[in-house]
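Hi there,

Here is the structure I promised to pass on to you. Please have a look at it first, and then read my notes below.

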Amino acid sequence: MEKYVITGGNPLVGEVEIGGAKNAALAILAASIMTDETVTIENVPDVRDTNVMLQAMESIGVQIIRVDRHTYRINGSRIHNQVILNEGIKKIRASYYLIGALLGKYKNAEVPLPGGCNLGTRAIDQHIKGFRSLGASVNVRHGSVVAHAQSLKGSHIFMDKVSVGATINVIMAAVMAEGKTVIENAAKEPHVVDLANFLNSMGANIKGAGTDVIRINGVQSLHKTEYMIIPDQIEAGTYLMAAAATRGDITVKNVIPKHLECIYAKLSEIGCQVEESDDAVRVVATKRLGNTQVKTLPYPGFPTDMQPQMTVLLGIAQGISIVTESIFDNRFKYVDELTRMGSDIKVEGNTAIITGVERYSGAEIASPDLRAGAALVIAALTAEGESVVTDIQYIQRGYEDFHLKLKKLGGNIEIIDTPDEEESPKDAAFRSVVS
Ligand code: UD1
């Protein structure tokens with residue numbers, strides 16, 4: 001198993017290129033099978049989740065040519081069945097996007113869902129409600145979602161909860177439905193907009209993505225396109241937090257600054273200097289930062305996927321800070337690991353009460369999931385002495401070349417590979433999921 005060995009203390013300084021958005025890529029890769037023509041997608045991040053999605057697509061007959069590390073040509077004309085048997089797909093939450101894509105194109109889909117998830121309950125009732133509203137019969141059988149329709153008909157759908165996944169899935173199912181679909185209380189995240197832009201470039205008729213009412217006029221078919229995925233808001237935000245935590249100076253390049261406002265507004269509030277240009281954001285921290293209150297909210301609020309990184313940062317800021325998690329009901333598990341590094345954080349329900357300590361101390365810590373894993377790496381980069389971060393396979397699900405990029409910024413981080421130990425029950429339970 002690979003591990004990171006990190007010696008903390010170096011301020012991270014320099015520029016870092018941000019890759020394509022993992023969460024947009026997962027939706028767009030799935031949607032690319034919805035035409036029989038060849039689609040070219042650029043800026044696909046080379047991370048485990050996208051590679052798992054590509055493998056699952058290949059398993060049903062999708063032809064995939066890797067033009068270069070981040071560019072794929074995808075052709076879905078030879079899909080031979082709509083039942084995904086690929087075991088790997090259970091490892092990613094976004095497997096459910098193949099339901100919307102296959103149902104939308106073939107009116108038929110059977111896709112295994114991931115098992116338990118360590119962020120708390122992650123229902124898919126809103127996805128199912130949306131598909132049923134379009135006329136599909138949907139059942140969960142033997143761990144798979146089985147969806148089928150004679151025809152799909154446009155409908156008026158009010159989401160009971162703002163859900164990124166359900167919004168994207170219903171858009172995919174509705175683009176070739178007969179007539180008009182309206183999705184109210186839709187998610188407004190950048191990747192919802194990116195997926196809609198992608199489908200529109202294939203001939204779909206989707207209006208209002210980025211607002212909470214999305215209107216879709218069904219079209220007969222979709223056609224080829226060439227499309228570049230937006231930069232990753234969360235990858236960029238993670239490096240900005242690393243700059244703030246290590247009292248460094250990092251410029252994230254190739255980003256859409258508007259997507260990062262909800263993150264760097266907080267950094268500015270607690271004492272960082274922030275500079276924004278057309279496609280870059282720079283964060284400089286020269287002193288110990290101040291305290292604040294943060295509540296995670298759907299976009300344009302503070303993203304839940306930045307919550308662990310923010311908590312790690314506030315754990316070494318002055319005074320008492322409060323972080324409230326309002327999206328997921330179990331997203332503070334990493335705090336136990338942070339406690340082993342000397343933090344003073346009390347979790348009560350969905351709120352963390354953080355008393356800033358001067359500095360973390362190095363320890364052996366296990367990455368509980370993707371974003372918390374990245375946050376613990378930031379903690380280790382600030383800590384006194386050496387830390388070993390295990391279970392980094394979770395981090396590799398969503399960060400391309402994480403340790404290489406951190407090293408280039410001056411971080412003292414190495415990756416080491418030790419012989420596989422027997423899989424722990426915890427690993428077995430969580431070989432899946434998380435953002
Ligand atoms: C996506 C992102 C994830 C991010 C999350 C919130 C991907 C692949 N993952 O996850 O990184 O943390 O958005 O920004 O893009 N819910 C229901 N019923 C549903 C669907 C969701 O109750 O049918 C609840 C969830 O349990 C959660 C909340 O709604 O409490 C938000 O979930 P959702 O926006 O759907 O998250 P994901 O799409 O799974």
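In helix H1, the buried residues are Lys22, Asn23, Ala24, Ala25, Leu26, Ala27, Ile28, Leu29, Ala30 and Ala31. That is 10 of the 10 residues of the helix, which runs over residues 22–31, so H1 is largely enclosed by the rest of the structure. Please keep in mind that this is a predicted model.

Now to the overall layout. The protein splits into two domains: domain 2 covers 22–228, while domain 1 is made of 2–19 + 231–417. Taken over C-alpha atoms, their centres lie 30 Å apart.

How many residues of each domain are in contact with the other? On the domain 1 side there are 24, and they touch 19 residues of domain 2. Together the two domains bury about 1,900 Å² between them, with 45% of that area coming from carbon and sulfur atoms. Three residues stand out here: Tyr299, Arg397 and Glu400 supply 32% of what domain 1 buries against domain 2, more than any other three residues.

Three salt bridges are found across the boundary of domain 1 and domain 2. Elsewhere in my notes I have a salt bridge between the side chains of Arg69 and Glu400, with an N to O distance of 3.5 Å. As for secondary structure, helix H11 (370–382) and helix H12 (393–396) each provide at least two residues of the domain 1 side that touches domain 2. Sorted by class, that side of domain 1 holds 10 charged, eight nonpolar and six polar residues.

Is Ala280 buried or exposed? Its relative accessibility is 9%, and the cut-off for buried is under 20%, so Ala280 counts as buried. Setting aside neighbours within four places in sequence, Ala280 is in contact with Thr251, Val252, Lys253, Val255, Pro257 and Glu275. If you want a distance to check your set-up against, Ala280 and Glu235 are 13 Å apart in space, C-alpha to C-alpha, and 45 residues apart in sequence.

Best wishes

How values were computed
Residues are numbered from 1 along each chain as its sequence is written. This is a predicted model: local features need pLDDT of at least 70, side-chain atom pairs count only at pLDDT 80 or more; totals for chains, interfaces and linings use all residues. Side-chain values use heavy atoms; hydrogens and water are left out. Domain bounds come from an automatic or database domain assignment. Contact means heavy atoms within 4.5 Å. Buried area is the accessible area (1.4 Å probe) that two parts lose on being put together, summed over both. A salt bridge is a side-chain nitrogen of Lys or Arg within 4 Å of a carboxyl oxygen of Asp or Glu. Helices (H or I, at least four residues) and strands (E, at least two) are DSSP runs, numbered from the N terminus. Ala, Val, Leu, Ile, Met, Phe, Trp, Tyr, Cys and Pro count as nonpolar, Asp, Glu, Lys and Arg as charged, and the others, Gly among them, as polar. Buried means under 20% relative accessible area, exposed over 50%, partly exposed in between (1.4 Å probe, protein chains only).
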